[in-house]
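Here are my notes on the model, point by point. Please read them with the structure open.

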Amino acid sequence: MMMNFEGKQLIDGQSITSGIEYFYAVNRTSGENLDLRFFNASAEDITMAVAAAQRDFVITRNKTGIEKARFLDAIALELEKAGPQLIQMACLETALTTVRIEGELARTINQAKLFAKLLREGNWVDAKIDTGDLQRKPAPRPDIRSMQRPIGPIAVFGASNFPLAFSAAGGDTVSAIAAGCPVVFKAHPGHPATCEIVGKAIVAACVASDMPPGYFSLLQGERAEVGIALTNSPAIKAIAFTGSYRVGKLIFNAAAARPEPIPVFAEMGSSNPVFVLPQALKERRSTIAAGYVNALTLGVGQFCTNPGLLIHESDNNDVLFHQELTNNINAAPGGVMLTQAITGAYRAGVSIRSAIKELQILAEGEVTNDPQRQSPVLFKTSLQEFNQHPQLEEELFGPSAIVITTTSPSEMVAFVEGLSGHLTATVHGTEDELPAYKTLLDVLETKVGRLIINGYPTGVEVVEPMVHGGPYPATTDARSTSVGTGAIYRFTRPVCYQGMPQALLPDELKDSNVLGIWRRVNGNFNNTSI
């Protein structure tokens with residue numbers, strides 16, 4: 001049984017709205033409106049949500065790791081309870097498969113638990129202590145201690161392509177909560193009902209774990225005004241965004257132009273080049289072709305890690321490799337894309353590329369009369385011809401890619417040197433030939449956040465070492481990640497305490513080390529008391 005949707009904002013633990021304009025959730029497969037109305041957040045709603053976050057930051061910033069871990073575990077539990085409703089509604093609003101949404105729900109639950117584990121261990125705060133030396137000459141050395149502390153209320157913008165994992169209870173939200181920062185979440189209009197279910201689960205978890213109601217608020221809205229107002233709100237201290245380059249750059253520029261500029265952690269997608277070395281191509285031609293097309297078309301190509309460029313050296317295997325790629329693309333059925341706007345942008349992008357004379361269509365997926373379904377398209381060109389059109393490096397969101405042939409290893413390296421920043425790069429090579437391409441790997445390291453050997457980029461594991469980020473324009477801050485436990489540091493800053501009495505220090509920095517965490521004390525790493 002589906003829940004009763006209210007279509008309002010979730011502010012201070014309540015479903016309320018002062019707005020009068022509204023929009024409807026959409027059955028993505030049919031393209032028809034559902035009988036579910038959602039109110040656009042008004043200026044008053046936004047002000048209330050931000051004020052509640054600012055008010056309760058006084059409380060959340062001092063919550064212990066154990067208390068915040070209980071909150072995250074409670075969120076995971078509420079998501080499990082809401083699972084059947086979530087899966088049904090997310091599939092309805094996005095046209096993604098049940099298997100895909102089930103996997104994404106599991107990922108969302110597990111990442112909340114991952115941050116709960118991080119908080120219970122407590123070592124993430126990076127505690128450093130240099131005890132004072134009153135006998136030092138010519139002047140005494142003061143007692144100096146530091147650790148990571150939360151920065152304040154965070155605005156999080158939900159992504160279109162991950163209705164759960166990068167949405168209301170996604171990695172941005174849980175990493176901010178783990179840091180002790182209240183979240184004001186802007187729901188994506190492509191799946192408002194899914195967001196309401198998740199938002200109410202977080203509110204329930206807030207009550208169950210005795211957290212202040214301003215720790216999380218959810219705002220609906222199909223217009224840019226909601227995002228602009230959040231970006232310009234003086235109480236917001238950082239922004240997390242996943243989406244297009246155009247919107248991400250607008251938010252970044254607006255945040256930088258504020259009287260108090262704030263950091264924007266915008267993940268804006270990329271073309272994620274895949275390189276196939278000669279020996280690997282000769283030995284694993286069929287396997288690589290099948291794996292590449294599967295990665296390209298997974299989820300109708302709607303991943304920020306979608307491999308949109310395929311580069312290999314031209315040799316006698318070209319024709320056979322391209323035929324393998326063609327066979328796999330021709331058999332790919334395509335699918336319904338997430339929103340009508342994304343569908344329109346994909347069609348326009350394919351049309352623009354088809355008009356470039358240096359690009360040849362290598363293969364297209366199954367043709368269908370269903371206007372809602374989009375087919376994959378694979379283009380091919382040489383590196384010299386590709387270089388005539390620098391815009392081809394930009395992401396085309398959807399199941400389309402360009403196969404690029406090069407003439408030598410040095411030409412391949414030169415191509416990488418000219419690339420802008422990307423989230424990932426992949427190299428397929430044999431154990432014997434990879435060392436000979438060390439220069440290629442070294443240059444690629446400067447261009448991406450994740451370097452993959454003999455795999456594909458679309459699987460982003462939620463584990464501690466994961467880096468989901470990269471140099472601009474893949475993100476606005478190459479030092480950050482939006483997946484993995486390192487995501488917490490986007491919402492913290494180091495604070496130093498000099499000469500602070502023991503009673504006033506955070507527990508993490510007290511001599512007694514009651515939490516038993518690992519700290520660097522006078523240059524030595526240990527978990528003992530001083």
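1. Start with Thr231. This residue is buried, because its relative accessible area is 2%, and the cut-off for buried is under 20%. Bear in mind throughout that the model is predicted.

2. Where does Thr231 lie? It lies in helix H7, which covers residues 224-232. Look next at what surrounds the residue. With neighbours within four places in sequence left aside, Thr231 is in contact with Phe157, Ile239, Ile251, Ala254, Ala255, Arg258 and Ile262.

3. Is Asn4 buried or exposed? Its relative accessible area is 64%, so Asn4 is exposed, given that exposed means over 50%. Asn4 belongs to the segment that comes before strand S1 (9-11).

4. Residues up to four places away in sequence are not counted here; Asn4 touches Glu196 and Lys200. A further pair to check is Asn4 and Leu36. They are 32 residues apart along the chain, and 9.6 Å separates their C-alpha atoms.

5. Now the helix pair H3 and H4. H3 spans residues 83-94 and H4 spans residues 98-121. The two pack at an angle of about 130°, and their axes are 9 Å apart.

6. Which residues make the contact between H3 and H4? From H3 come Gly83, Leu86, Ile87, Ala90, Cys91 and Thr94. They meet Thr98, Ile101, Glu102 and Leu105 in H4. By class, the residues of this contact divide into 6 nonpolar, 3 polar and 1 charged.

7. How many disulfides are there? The count comes to 0. Cys206 is in no disulfide, and the nearest cysteine sulfur, that of Cys181, is 15 Å away. Cys206 is also buried, because its relative accessible area is 5%.

8. A disulfide needs the two sulfur atoms within 2.5 Å. Cys304 has 8% relative accessibility and therefore counts as buried.

Methods: Residues numbered from 1 in each chain as written. Predicted model: local features only at pLDDT ≥ 70, side-chain atom pairs only at ≥ 80, totals over all residues. Heavy atoms only, no water. Axes fitted to C-alpha atoms, helices over the stretch in contact; angles between N-to-C directions. Helix = DSSP H or I, 4+ residues; strand = E, 2+ residues; numbered from the N terminus. Contact = heavy atoms within 4.5 Å. Nonpolar A, V, L, I, M, F, W, Y, C, P; charged D, E, K, R; others polar. Buried < 20%, exposed > 50% of the residue type's maximum accessible area, 1.4 Å probe, protein only.
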